[in-house]
Amino acid sequence: MNIGWMAGMYEGEGCIEKTSPRGYRLTIVSTDFDVIEKIHKFAGGHVYPAKKYQTHHKPAWRWRLGTKPEVTKLLTQMLPFLGNRRAYDALNALDTMEM
């Protein structure tokens, strides 16, 4: 696994969430536990079962990374691999956390 793979997973399945005026967390949800495990081993953070919204939905897992130093480091590393929309969100988060 490398940072390009991580950025691809984030690009396809992840999101950035504002948690406070200067705080953010990264989240990726997948029904493939082995993928979430790889992300966790690579980037740290925490893994939780994701909420099932319908009984017919497959079980899913949620990975979260929420400390400012960890989020800053990972976003900075992934930035060159992100598409325009995610890069814009990452740059805004990095600027806000730097204030």
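The following questions and answers concern the classification of selected residues and contacts in a predicted model.

Q: Why is Thr 96 called buried?
A: Buried means under 20% relative accessible area. Thr 96 has a relative accessible area of 17%, so the residue is buried. Its place is in helix α4, residues 84–98.

Q: What makes the pair formed by Thr 96 and Asn 92 a polar contact?
A: A polar atom of the Thr 96 side chain lies 2.9 Å from the backbone oxygen of Asn 92.

Q: Why is Thr 19 called partly exposed?
A: The term covers values between the limits of under 20% for buried and over 50% for exposed. Thr 19, found in strand β1 (residues 14–20), has 45% relative accessibility and therefore counts as partly exposed.

Q: What makes the pair Arg 25 and Glu 17 a salt bridge?
A: The closest N and O atoms of Arg 25 and Glu 17 are 2.9 Å apart. The criterion is a side-chain nitrogen of Lys or Arg within 4 Å of a carboxyl oxygen of Asp or Glu, so the pair qualifies. A search of the whole structure finds one salt bridge. Arg 25 is partly exposed at 26% relative accessibility, and Glu 17 is partly exposed at 23%.

Technical notes
Residues are numbered from 1 along each chain as its sequence is written. This is a predicted model: local features need pLDDT of at least 70, side-chain atom pairs count only at pLDDT 80 or more; totals for chains, interfaces and linings use all residues. Side-chain values use heavy atoms; hydrogens and water are left out. Helices (H or I, at least four residues) and strands (E, at least two) are DSSP runs, numbered from the N terminus. Buried means under 20% relative accessible area, exposed over 50%, partly exposed in between (1.4 Å probe, protein chains only). A polar contact is a pair of N or O atoms within 3.5 Å; within protein, one must be able to donate a hydrogen and the other to accept it, and residues adjacent in sequence count only if both atoms are side-chain atoms.
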